[in-house]
Amino acid sequence: MKIFRRVTLPIDPDGEISDEGGRYDLADYVIAEDGWFPSLSLTWKQTDTTQWRLGASKTIVRPDLREVSPVRFQDPVTGFDFFGNPELESSDILNLDLRWEYYSDDGNNFSVGAFYKDVDAPIEPIQRISEAGRQLKFYNAQSGYIYGVETEFLQELEFLGSDGSIWEDFFVAGNLTLGDSEIDIAPNGEIDPTNQTRRMTGHSQWVANLQLSYDSSDSYHSATLVYNVFGERIAYGGRGGLDDVYEKSFHSLDFTYTFFPTTSTTIKLKAKNILGETTEYEQQSYQVYAKDPGTEYTLQFSYEY
C-alpha cells in the first residue's frame with residue numbers, strides 16, 4: 001500500500017495562513033490518499049530470438065503543486081495565465097500492454113505492441129473567459145481512455161559495407177506510435193466546454209522518432225543525429241463556442257558529437273533545432289501563440305579527476 005499526504009496552505013502577505021475571501025475551505029488544501037497499485041507481468045519465450053510480454057497494472061497521476069494552488073501563475077513557455085484548483089482529484093489509471101519482441105544474436109531488435117489505458121478523472125486545462133484576457137484553469141474530466149500500437153527497432157549498418165568498413169560503427173534506431181484518446185468533460189459553474197467529448201490534452205495521434213548513431217571502434221568518437229515529429233495535439237480545451245487550441249506539428253532535428261581525447265576528458269558539441277522550426281498554437285485557424293526557439297549550439301568541456 002502507498003500512503004500519500006500533501007498540504008497546500010494559502011498564505012497572506014503577512015505570512016499568516018488565511019482563507020478569507022476565498023471560495024475554498026482549508027480542508028480543500030489537504031490531500032490524503034491511500035491505495036493499492038498492483039502490477040502483473042508475464043513473459044513467454046516463443047523461440048530463442050522471440051518472446052511475448054503481457055503487462056497489467058494500476059497507477060495514479062496526482063495533480064502537482066501548481067495545479068492545486070488557488071493562485072494565478074504564468075506558463076514560462078507560452079506566457080498564458082493559469083489558475084490552480086484545490087478541488088482537483090487524482091487520476092487512477094488502469095494499464096494493459098501486449099508486446100511481441102525479436103532480438104537477433106548480433107544485437108539487432110524489433111518489437112511491436114498494443115496498449116490501452118483507462119483513466120478516471122483525467123486532469124485537463126480548460127479556457128476561461130474573463131475580463132483579464134486568456135486564462136486557463138485545471139479541471140477533472142469525468143473519464144478518459146488512450147489506446148494504440150507502437151513499434152520500435154534497432155539495426156546495425158554493418159551489412160552496408162565489407163569487413164573492416166566504417167559502417168560497422170553505425171546503427172539506426174527508431175519508433176512509431178499510432179493511437180487515439182477520448183475524454184468526457186461536463187460543464188460546471190466556471191466553464192462551458194465547447195467539445196464535451198474530445199481527444200485528451202497533449203495527446204498526438206502519431207509520434208515518430210528516428211536516430212542515426214556512430215560509435216567509433218577506437219572509442220574516441222560518438223555522434224548521434226535524432227529526428228522527432230508529432231501530430232498536432234490539443235494544448236487546452238476551448239469553451240463558450242470557441243474550438244480547442246491545437247499545437248501544430250513540430251519537426252525536431254538535433255545533433256550531438258562527443259570526443260574522448262583521454263579517459264578523463266570529454267568534449268561535446270550539441271546542435272538543437274537544426275531545421276529552425278517554430279512552435280505554433282492555433283484556435284479556429286487563428287494563431288494564438290508562436291515562438292521561434294531558434295537553433296541552439298552548445299560546446300561543453302569536462303574533466304574528471
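**View 1. Trp100 and Phe110, an aromatic pair in a predicted model.** Trp100 is partly exposed, its relative accessible area being 23%, and the structure shown here and in the following views is a predicted model. Phe110 also falls in the partly exposed class, in this case at 36% relative accessibility. A search of the whole structure returns 12 aromatic pairs. In one of them, the ring centres of Trp100 and Phe110 are 6.4 Å apart and the planes make an angle of 65 degrees, so the arrangement is edge-to-face, the class for planes over 60 degrees apart. Because Trp100 belongs to strand β7 and Phe110 to strand β8, this pair ties together parts of the chain that are 10 residues apart in sequence.

**View 2. Phe73 and Phe82, a stacked pair of rings.** A pair of aromatic rings is described by the distance of the centres and the angle of the planes. For Phe73 and Phe82 the centres are separated by 5.7 Å and the planes stand at 15 degrees, so the two rings count as stacked. Phe73 and Phe82 are both buried. Elsewhere in the model, Phe80, Tyr236, Tyr281 and Tyr289 together make up one aromatic cluster.

**View 3. Phe230 with the charged end of Arg233 over its ring.** Phe230 is placed in strand β15, which runs over residues 221–230. With a relative accessible area of 8%, Phe230 is buried. The charged end of Arg233 sits over the Phe230 ring, at 3.7 Å from the ring centre. When residues up to four places away in sequence are set aside, the residues that Phe230 touches are Ser204, Trp206, Val207, Glu247, Lys248, Ser249 and Phe250. The C-alpha atom of Phe230 is separated by 28 Å from that of Phe73, a residue 157 positions away along the chain. A further charge over a ring is found at Phe4, where the charged end of Arg62 sits 4.1 Å from the ring centre.

View 4. Strand β18 covers residues 251–262 and includes His251, which is partly exposed at a relative accessible area of 30%. Not counting residues up to four places away in sequence, His251 touches Tyr227, Asn228 and Val229, and also Asn273, Leu275 and Glu277. Between the C-alpha atoms of His251 and Leu98 the separation is 29 Å, the two residues being 153 positions apart along the chain.

**View 5. Ser69 in the loop between α1 and β5.** Ser69 is found in the loop that runs between α1 (65–68) and β5 (72–74). Its relative accessibility of 12% means that Ser69 counts as buried, since the buried class takes values under 20%. Once neighbours within four places in sequence are left aside, Ser69 is in contact with Thr8, Phe83, Gly84 and Asn85.

**View 6. The largest pocket and the strands that line it.** The volume of the largest pocket is about 610 Å³. The lining consists of 32 residues, of which Pro125, Thr201, Gly202, Ile234 and Ala235 are the closest to the centre of the pocket. Two or more lining residues come from each of β7 (91–103), β8 (109–120), β9 (123–130), β16 (233–236), β20 (279–283) and β21 (286–291). Among these elements, β16 gives the most to the lining, with 4 residues. Divided by class, the residues around the largest pocket are 19 nonpolar, 5 polar and 8 charged.

**View 7. The largest cavity and its lining.** The count of cavities of 30 Å³ or more comes to 1, and the volume of the largest cavity is about 40 Å³. The residues that line the largest cavity are Arg6, Thr8, Asp28, Tyr29, Val30, Ile31, Val68 and Pro86. By class, this lining has 5 nonpolar, 1 polar and 2 charged residues.

**View 8. The whole protein, for orientation.** The secondary structure comprises 1 helix and 22 strands, and the C-alpha atoms fill a box of roughly 75 × 50 × 45 Å along the principal axes. The protein has 305 residues, and 35% of them count as buried. Among contacts with a separation of 6 or more, 60% are made by residues 24 or more positions apart.

How values were computed:
Residues are numbered from 1 along each chain as its sequence is written. This is a predicted model: local features need pLDDT of at least 70, side-chain atom pairs count only at pLDDT 80 or more; totals for chains, interfaces and linings use all residues. Side-chain values use heavy atoms; hydrogens and water are left out. On a 1 Å grid over the protein atoms alone, a cavity is a set of points where a 1.4 Å probe fits but cannot get out, and a pocket is an open set with protein on both sides within 12 Å along at least five of seven lines; lining residues have an atom within 4 Å of a point. Grid points are joined across faces, edges and corners, and a volume is the space filled by probe spheres set on the points. Ala, Val, Leu, Ile, Met, Phe, Trp, Tyr, Cys and Pro count as nonpolar, Asp, Glu, Lys and Arg as charged, and the others, Gly among them, as polar. Rings of Phe, Tyr and Trp (its six-membered ring) pair if their centres lie within 6.5 Å; planes under 30 degrees apart count as stacked, over 60 as edge-to-face and the rest as tilted. Buried means under 20% relative accessible area, exposed over 50%, partly exposed in between (1.4 Å probe, protein chains only). A charge sits over a ring if NZ of Lys or CZ of Arg is within 6 Å of the ring centre and within 35 degrees of the ring normal. Contact means heavy atoms within 4.5 Å.
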